[in-house]
Amino acid sequence: DKELQTLTLMEQRVKVLEKHKEHQKEEYDYLWEKYEAEKLEEGKDLSEIKQLVSVAVNRQYISKIMVPKTIKITEKLIKNNKKVFIICCYDEELYRLKEHFGEQAVIFNGKMNQKQKDNAVEAFNNDDNVKILIGNIAAVGVGINLNKSCNHAIFQNLDFTDAAFSQACDRIYRIGSKENAYIYLQYFKDTVYEHIENIRTSNKK
């Protein structure tokens with residue numbers, strides 16, 4: 001009957017989700033074992049700093065999973081003719097997003113010289129074909145003003161300090177601005193991202 005069919009579909013979906021989680025866990029374990037093996041080859045013992053290093057590896061792994069979600073939000077915004085400022089913590093995720101969006105996006109990170117950075121901001125602010133600026137949080141916190149062209153910011157990754165978060169938000173919002181600023185925070189429940197956000201907000205208090 002109809003109820004039985006619905007239940008069967010729900011059970012199938014649960015099984016698919018469980019299988020997906022198992023695959024993610026296997027992938028994370030593989031990445032950690034690979035990292036650990038590389039460091040042991042270099043003669044480094046990770047036993048004393050394993051927890052700290054594990055957090056870093058975990059963050060990078062989750063940021064990899066987060067990229068498609070950031071893409072989905074961004075595409076929805078640019079379809080509505082909005083410009084989008086994406087904040088990353090790792091260059092790997094920054095380059096993956098740039099690869100996806102191509103000429104619609106410019107990047108801004110610490111590996112660029114000042115002229116390249118200025119050109120990126122200029123293009124984002126004034127070129128209608130450039131819809132997205134993807135920046136590393138360590139580089140975009142000060143010295144650039146995006147609020148005249150953009151009022152949507154997406155945090156692809158999170159930082160432990162509220163100062164870094166606030167400075168990034170200030171790129172699209174200034175006191176006295178007439179436009180609202182929309183900030184998108186993403187994190188997976190019961191992961192290091194939730195832990196980071198709890199630390200950030202507690203530091204703010």
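I began with the pair Asp91 and Lys111, which form a salt bridge with their closest N and O atoms 3.4 Å apart. The term requires a side-chain nitrogen of Lys or Arg within 4 Å of a carboxyl oxygen of Asp or Glu. I noted that the pair links distant parts of the chain, 20 residues apart: Asp91 sits in helix α3 (residues 91–101), Lys111 in the loop between β2 (105–108) and α4 (114–126). A search of the whole structure gave me one salt bridge.

I record that this is a predicted model, in which local features need pLDDT of at least 70, side-chain atom pairs count only at pLDDT 80 or more, and totals for chains, interfaces and linings use all residues. Numbering starts from 1 along each chain as its sequence is written, and side-chain values use heavy atoms, without hydrogens and water.

Next I looked up burial (buried is under 20% relative accessible area, exposed over 50%, partly exposed in between; 1.4 Å probe, protein chains only). Asp91 is buried at 18%, while Lys111 is exposed at 63%. Of the 205 residues in the protein chain, 38% are buried.

For Leu97 I listed contacts (heavy atoms within 4.5 Å). Beyond four places in sequence, Leu97 contacts Val67, Thr70, Ile71, Ile86, Cys88, Ile134 and Gln156.

Last, I logged seven helices and five strands, assigned as DSSP runs (H or I, at least four residues; E, at least two) numbered from the N terminus.
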